[in-house]
Amino acid sequence: MDAKNVSASTAHEFVISRTFNAPRKLVWKAWTDREELMKWFGPKGCTLPHANMDFRPGGIFHYMMLTPDGKEMWGKWTFREIVAPEKLLLVNSFSDAQGGITRHPLSDSWPLETLSTTTFEERSGKTTITIHWSPLNASAQEISTFNGAHEGMQTGWSGTFEQLEAYLAQA
Amino acid sequence: MSPDRLDATFSALADPTRRAILARLALGETSVAELAAPFSISPPAITKHLKVLEHAGLISRSRHAQWRPCKLEAAPLREVSDFVEHYRQFWEQSFDRLDAYLQTLQASPTLEMKDKKNGRKKR
């Protein structure tokens, strides 16, 4: 297979941000405390019936997410750097019940591990969370897969994507 | 949906020239010559891109007409669209839930969330 850390293929970062009407201390705790995380993490209607948290550099958050239609999805965060209450670096991966790292359920060439850098910035009592997301130790093919999916998430491509959506609507 | 096919679609979409070709085809089917016109690359290079797109099932080429027009295929794009939408929704909806949770926390400073009778604080 492809060599790791191929410098010729540059991964594009995926960035998502939201500002919350709450002080940073509160947002940080909601993001890093097991019980609090279980109250909100995951899309609408999802629950976390299982969650193990060992919040320290090198520690993990291992969870099972149950979707509204009853599908189980295991995931794992491995904390790499913790700068309370400003910054959190973690390695993201799909997982099994035992905590082993697994492939993406829908894509064999999705990066096995991705790196999330989450920053917490407070301004006038409001807190802005920004997540930067990129492949970690990925092969050229994994980077290409991430970029291909990622291009669909970006505004530069979304103009085109709207045209395609319009086309899909008629097809 | 098979992982192999989704992966082929992602690889195909990772290239800007191929995305531009798809964008052009979203307007309707056309010839290879017309597809090549806006790009400063050789016809063989365009043909190579078309082969990648065809392999991913993103386009098809008609065998009926001699000029073999290229046509956009909807199904793989819909799969990519669903995949991408899933990631966006994951975070947008998590953020919505976090926002609601943070509001609840601030509305009841004593965190007596189970006791709804005490939830009627001013502000």
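## A walk through chains A and B

Let's start at a turn: strands β2(A) and β3(A) make a hairpin with six residues between them, and G58(A) in that turn has a positive phi of about 90°. Strands here are DSSP runs of E with at least two residues, helices are runs of H or I with at least four, and both are numbered from the N terminus. β2 covers residues 47–53 of chain A, β3 covers residues 60–66, and the two run antiparallel, joined by five bridges. Two strands count as paired if DSSP finds at least two bridges between them.

A word on what you're looking at: this is a predicted model, where local features need pLDDT of at least 70 and side-chain atom pairs count only at pLDDT 80 or more, while totals for chains, interfaces and linings use all residues. Residues are numbered from 1 along each chain as its sequence is written, with chains lettered from A and ligands numbered from 1 in the order in which they are written. The pLDDT is the predictor's confidence in each residue, on a scale from 0 to 100. Chain A averages 86, and 82% of its residues score at least 70. Residues 1–8 of chain A are a stretch to treat separately: pLDDT stays under 50 there, and the model has 10 contacts for them beyond four places in sequence. A contact means that the C-beta atoms of two residues, placed from the backbone, lie within 7 Å.

Now zoom out to the whole of chain A. Its elements are four helices and eight strands, and from the N terminus on they run β-α-α-β-β-β-β-β-β-β-α-α. Of the contacts in chain A with a separation of 6 or more, 44% are between residues 24 or more positions apart. Buried residues make up 25% of the 171 residues in the chain. Buried means that 20 or more other C-beta atoms lie within 10 Å of a residue's own, exposed means 12 or fewer, and partly exposed is in between, with C-beta atoms placed from the backbone.

With β7(A), residues 113–123, it pairs in the antiparallel sense over 11 bridges. R123(A) has K126(A) as its bridge partner in β8(A), and the two strands form a hairpin with two residues between them. S124(A) lies in that loop between β7 and β8, and it has a positive phi of about 45° although it is not a glycine. In general, most residues other than glycine have a negative phi, and most peptide bonds are trans. S124(A) counts as exposed because it has 4 C-beta neighbours inside 10 Å.

The other partner of β8(A) is β1(A), residues 14–20, again antiparallel, over seven bridges. Here F14(A) stands opposite W133(A). N21(A) sits in the loop between β1 and α1 (24–32) of chain A. Its C-alpha is 4.7 Å from that of K126(A), although the two are 105 residues apart in sequence. N21(A) has 11 C-beta neighbours inside 10 Å, so it counts as exposed.

N137(A), in the loop between β8 and α3 (140–151) of chain A, is a residue other than glycine with a positive phi, near 45°. It counts as partly exposed because it has 13 C-beta neighbours inside 10 Å. The peptide bond from A84(A) to P85(A) is cis, with omega near -10°, and P85(A) is found in the loop between β4 (72–83) and β5 (87–95) of chain A.

On to chain B, where 36 residues are in contact with 32 residues of chain A. Helices α1 (3–13), α2 and α5 (74–107) of chain B each supply at least two residues of that side, and the largest share, 22 residues, comes from α5(B). By class, the side of chain B that touches chain A has 23 nonpolar, six polar and seven charged residues. Ala, Val, Leu, Ile, Met, Phe, Trp, Tyr, Cys and Pro count as nonpolar, Asp, Glu, Lys and Arg as charged, and the others, Gly among them, as polar.

Within chain B, the axes of α2(B) (residues 16–25) and α4(B) (residues 43–55) come within 10 Å and cross at roughly 75°. That makes α2(B) roughly perpendicular to α4(B). The axes are lines fitted to C-alpha atoms, for helices over the stretch in contact, and angles run from 0 to 180 degrees between N-to-C directions. Angles under 35 degrees count as roughly parallel, over 145 as roughly antiparallel, 65 to 115 as roughly perpendicular and the rest as oblique. T17(B), R18(B) and I21(B) in α2(B) meet H49(B), V52(B) and L53(B) in α4(B).
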